[in-house]
Amino acid sequence: MSANNKMVRLGCATGWSRDRFEPAADLIERGNLDYLCFDSMSEVTMSAAQVARMEHSDTAPYDPYLEMRLTPILKSAKERGVRIITNQGWLDPQAAARKVLEIAKSEGIRNLKVAAVGGALLDDRICDLGLRFVETGEAVADSRERIVSAEAYMGAQGIVQALRDGADVVITSRVADACVYLGPLAFELGWSFEDHHAMAKGMIIGHLMECGAQVSGGYFADPGYKDVPDLHNVGNPIAEVSDDSVTITKLEGTGGLVSEATCKEQLLYEVQDPGAYLCPDVIADLTRVSFRQAGKDRVEVLIDQAGRPRTNTLKALVGIQEGYMAEEMVLFAGPGAMARAQLTQEILKKRFEMNQLNASELRMDYVGLNGVHREASPRPVNDPYEVVLRIALKTQERHEADKLRKEVDPLAVNGVSGTGKWATSSPSARVRPVIGLYSTLVPRDLLVAEVQVLS
Amino acid sequence: MKTIALREIAHARSGEKGNDSNVSVIAYDMADYEVLCQQVTVQAVKALYGPITRGTIVRYEAPRIGALNFVLRDVLEGGRSRTLAFDESGKALSSLMLTLPVVVSDEYVIRSQRKDHERQ
């Protein structure tokens with residue numbers, strides 16, 4: 001036993017930006033929490049946010065759900081002393097922090113301190129650092145004209161500083177998802193960032209928690225094999241952490257389950273080499289983790305010395321404009337559905353040739369047969385009752401992408417018998433810009449967390 | 001000996017990282033981890049995912065949790081933001097893994113035939 005036996009309780013409000021709303025309020029009311037943490041990002045979040053801003057200049061530079069998520073809980077969180085950590089700041093955590101202060105004012109909350117943690121955005125700087133893309137080896141600078149976003153995955157240090165400065169709410173730009181948990185743990189338990197075993201422990205806890213209900217029965221059920229109770233009301237996870245023990249659990253009365261199996265699935269989720277899970281603050285060895293069911297919906301996480309010193313670089317994601325994508329679907333059912341779908345595919349191929357479609361990629365799938373596992377799908381044994389022919393293509397120019405719709409729409413009168421159409425009423429609805437994501441490694445010293453506390 | 005689907009002894013989850021996908025394979029019972037190690041080989045997995053995996057397939061082991069982790073490189077046709085694949089983030093790829101045939105003893109009771117309380 002260590003001298004410091006302090007217990008920290010962290011709840012997970014969301015696993016991504018469009019996750020359910022109910023768990024946050026329930027966790028504040030009944031969770032007896034010290035912290036409520038929101039992850040609101042995926043890999044594509046920042047580039048998608050930049051594109052939305054380019055197309056509609058009045059789009060907020062932070063998570064559009066920020067207000068809807070925090071308004072119902074901000075007052076009770078402050079009253080109960082639950083501090084909120086969220087990466088909903090996206091492109092402008094300071095603007096998000098100002099928005100939260102506005103909410104506080106309208107809700108009559110006094111003395112709320114809100115910290116904005118920035119420093120992740122690289123913008124144009126990314127081209128002037130002599131960097132290369134990990135995936136292609138090409139110089140980042142060669143893509144200068146087409147870059148729409150560039151941001152580093154920051155570590156937890158900015159969050160720790162914001163908490164030291166007394167923030168009730170901490171809003172960050174891009175940080176590694178697990179850091180919204182590692183930050184408060186390091187702050188509360190006094191972990192040094194040089195202590196790589198402690199950092200690994202915090203990252204592993206954060207990794208288990210960051211995807212919301214995925215560790216508490218969400219995304220797990222497989223009827224007859226893995227049954228999950230009351231999935232419609234699945235409870236988000238709670239981590240109880242002290243220097244001596246780590247437990248994952250959830251609120252009583254919620255659906256889902258916390259079991260060794262749910263924890264194992266989440267431990268390896270989106271992981272490459274589990275022996276070297278690269279994080280901004282540490283390299284964590286996930287093979288040194290095991291689980292022990294300690295009660296109903298309570299799993300103890302056993303973490304051996306699992307850390308190795310962090311790398312000298314931080315991963316940055318760079319979003320690059322890569323033309324346009326178009327997608328349409330036509331529907332068939334009943335006798336001969338497959339044959340009619342195949343004939344339609346042949347017609348479209350010939351039409352694309354006639355109209356000199358200049359596509360860099362073209363895919364046609366029979367949804368229901370090979371749409372999901374693509375060329376790895378087994379051959380069908382019987383003719384299907386329904387087939388959806390899906391056509392997707394990529395082009396450099398929007399007018400080329402528009403050719404798809406111009407060929408699919410006329411099928412309503414010149415196609416094969418019984419051709420149905422996926423509802424498409426607004427023009428260009430199925431054409432969208434493509435933003436390719438590339439990664440590059442930025443020297444760590446170039447990025448410093450910028451913490452500003454507003455009140 | 002009899003041949004059953006991997007689904008009867010293991011569960012799986014897939015996720016994305018750029019243009020790569022990972023598929024974990026986790027034994028329901030720790031005792032079956034050996035079967036996974038011996039039979040869920042890179043070669044066996046290649047037979048399933050080879051037609052869509054442009055890069056290599058790598059296997060990692062996590063014995064403390066009775067699991068293997070497969071990384072399929074260049075399987076997402078460019079990655080989530082630019083892929084033409086219908087399942088753009090590869091979240092549904094794990095189900096293919098569960099079709100893999102594995103050989104067990106004749107006495108082995110498959111999961112779908114166990115009672116609820118035995119499955120927990």
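In this predicted model, Arg13(B) and Glu265(A) form a salt bridge between their side chains, with an N to O distance of 2.8 Å. A salt bridge here is a side-chain nitrogen of Lys or Arg within 4 Å of a carboxyl oxygen of Asp or Glu. The rule finds 6 salt bridges across the interface of chain B and chain A, and 30 residue pairs in polar contact, both at pLDDT 80 or more. A polar contact is a pair of N or O atoms within 3.5 Å; within protein, one must be able to donate a hydrogen and the other to accept it, and residues adjacent in sequence count only if both atoms are side-chain atoms.

On chain B, the side that touches chain A takes 7 residues from β2(B), its largest share. By class, that side has 22 nonpolar, 11 polar and 18 charged residues. Ala, Val, Leu, Ile, Met, Phe, Trp, Tyr, Cys and Pro count as nonpolar, Asp, Glu, Lys and Arg as charged, and the others, Gly among them, as polar. In total, 51 residues of chain B are in contact (heavy atoms within 4.5 Å) with 56 residues of chain A.

A second bridge between the chains pairs Arg363(A) with Glu77(B). Arg363(A) lies in strand β15 (residues 359–367) of chain A and Glu77(B) in the loop between β5 and α3 of chain B, so the pair joins two chains. Helices (H or I, at least four residues) and strands (E, at least two) are DSSP runs, numbered from the N terminus. Arg363(A) is buried at 9% relative accessibility, and Glu77(B) is buried at 17%. Buried means under 20% relative accessible area, exposed over 50%, and partly exposed in between (1.4 Å probe, protein chains only). Both residues belong to a network of salt bridges that also includes Glu327(A) and Asp365(A).

Over all chains, the search finds 35 salt bridges. Selected pairs are tabulated below.

| Pair | N to O distance |
|---|---|
| Arg363(A) and Glu77(B) | 2.7 Å |
| Glu29(A) and Arg80(A) | 2.8 Å |
| Arg144(A) and Asp128(A) | 3.1 Å |

Within chain A, Arg144(A) is partly exposed at 40% relative accessibility, whereas Asp128(A) is exposed at 54%.

Residues are numbered from 1 along each chain as its sequence is written, and chains are lettered from A and ligands numbered from 1 in the order in which they are written. Local features need pLDDT of at least 70, side-chain atom pairs count only at pLDDT 80 or more, and totals for chains, interfaces and linings use all residues, while side-chain values use heavy atoms, with hydrogens and water left out.
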